[in-house]
Amino acid sequence: MPLLLALCVIVGILIGTFYANHFSGNRLNIINSGSNRLNNLLHVIDDQYVDSVNMNDLVEKAIPQILAELDPHSVYISAKDVQTATDDLKGSFSGVGIEFVIRKDTIHIQNVIEGGPAESAGLLAGDKIVSVDDKPFVGKEVTNEEAMRRLKGPRGTKVKIGVLRYHQKDVKYYTVTRDDITTSSISATYMLDKNTGYIKIKNFGENTWGEVLSSLARLEAEGFENLVIDLRDNSGGYMTSAIQIADEFLPRDCRIVYTEGRKQPRQEFKSTGKGSYQHIPLVVLINEGSASASEIFAGAIQDNDRGTVIGRRSFGKGLVQQQMDFADGGLIRLTIARYYTPSGRCIQKPYADGKDKDYEEELLLRYQHGEYFSQDSIKHTGPAYHTRIGRTVYGGGGITPDIFVPEDTTNITSYYKEAAISGLILQYAFEYTDENRDKMKSMKSMSALLSYLRRQNLVEHFATYAEKNGLQRRNLMIQKSHSLLDKYINSRIIYNMLDEQAWMEYLNVDDPTILKALQVFKEGKAFPSK
């Protein structure tokens, strides 16, 4: 009996201590002793915090903060943002088929996709959307995110759109049946001259390889003998797409890229030798906006001495993310490895732990250090490597081009900077397009539209418009920046009236990087090994 009584006392003390701690709010011992301290902390907050807490919101806010401590590219995407984040790379989405801009708290239809649901229903470029499903949609609530939420939807569903048409006072209503809308990774495919084909790739999505093959077939029908692939401002996408496209240009058994991580064994990707364009002279264009998959492609071409890379140093993203889905529809993209170009260089630029400020502002620092204007200002942080034939290349901060083309700042003035940064040029171009759409709609080619625009004295009209909207007129600066202002205004009107291809054709006419590429072909220097 004494032994039994003693055991009962001990058990009672243990039970009492547990419940005392549990109900007194002192559960830090549980947090500190558990293997999952974060999970235990959330339980304590849920159980003991002084006010009620929305635990889902708390977790939603905590996950990005945790990932931010790892590296600049591990990210969390909430369920409501997943579709927006993945549509461009998937190459299609279900919606109404319009491109729009938001001006003065109102959606303006900039372009109606040919053959899409909106065109079939009767919507026109220039229409202003004022209601969706009989509910007003103007004012402060009009954002890109909210517009996407209301206009996108499952295929076959209907949406009623109210629009105001130019010079008409009454709202017109159109019922649009949503359908699959195809998006392209290719902005432009055309001949720069009688021998040189040009392809502008704006991202690497699921369908990019097939789209590039289609573009190459079109150029082949036009008899191209040289090729420019423009990856400027291409922020990347799927590594697989970059590998597939590189394979089209490389001979058999060339290394394209390899990946390796702490938990990821080395994996090499080599060319199959089945590509149809292994011998065509090739130039790849890059700049500080070219990242990730763009750098994989450019690095494979450069390290194998397969073509000439022209432009400015690329962004410097050499980390590989793996997508992991949550049950609620959200996902994380977690960095699991680094990728290395064929010579063995990792082009990831330096970063402190997590998303540090210096990393985010590194492109601005390049500008301030003069790197955009002088090749001598490029600062390599990684060791030297060598291409197949022994040319020196560097890792640790992007792909440095074989031929550097500085940014042209000759005619830039503070007036031009203010006009561009403030958005006044974009606003003027859109309003001009809206007011003159009927006059310009018969001009179906870039050259015809440009011929018309050059007779309109647009820079002078813009200066008057800008002054009315708060930008002081500076005649000497306007005169110095006249060519830049004219080009920017014309380019936006061409984009508004035609399409991306016409826009790119216009911008490329006297582009220094394009002119340098044409010179390389003329001199027979597209193959560095020659």
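Is Cys346 buried or exposed? In this predicted model, Cys346 has a relative accessibility of 15%. Residues under 20% are classed as buried, and Cys346 therefore counts as buried. With regard to cysteine pairing, a search of the whole structure returned zero disulfides.

Burial was also examined for strand 15, which spans residues 282-286. Five of the five residues in this strand are buried, and strand 15 is accordingly described as mostly covered. The covering extends to both faces of the strand. On one side lie Leu282, Val284 and Ile286, and on the other lie Val283 and Leu285; all of these residues are buried.

Strand 15 takes part in pairing with two other strands, namely strand 12 and strand 16. Strand 12, formed by residues 226-230, runs parallel to strand 15, and four bridges join the two. Within this pairing, Leu227 has Leu282 of strand 15 as its bridge partner. Strand 16, formed by residues 308-311, is likewise paired with strand 15 in the parallel sense, over four bridges. Here the bridge partner of Leu285 is Ile310, a residue of strand 16. Between strand 15 and strand 16, the chain passes through helix 10, which comprises residues 293-303.

Taken together, Leu282 and Leu285 are both buried residues of strand 15. Leu282 is bridged to Leu227, whereas Leu285 is bridged to Ile310 in strand 16.

Terms used. Residues are numbered from 1 along each chain as its sequence is written. This is a predicted model: local features need pLDDT of at least 70, side-chain atom pairs count only at pLDDT 80 or more; totals for chains, interfaces and linings use all residues. Side-chain values use heavy atoms; hydrogens and water are left out. A disulfide is a pair of cysteine sulfur atoms within 2.5 Å. Buried means under 20% relative accessible area, exposed over 50%, partly exposed in between (1.4 Å probe, protein chains only). Two strands pair if DSSP finds at least two bridges between them. A crossover is right-handed if, with the strands pointing away from the viewer, the path from the first strand over the helix to the second runs clockwise.
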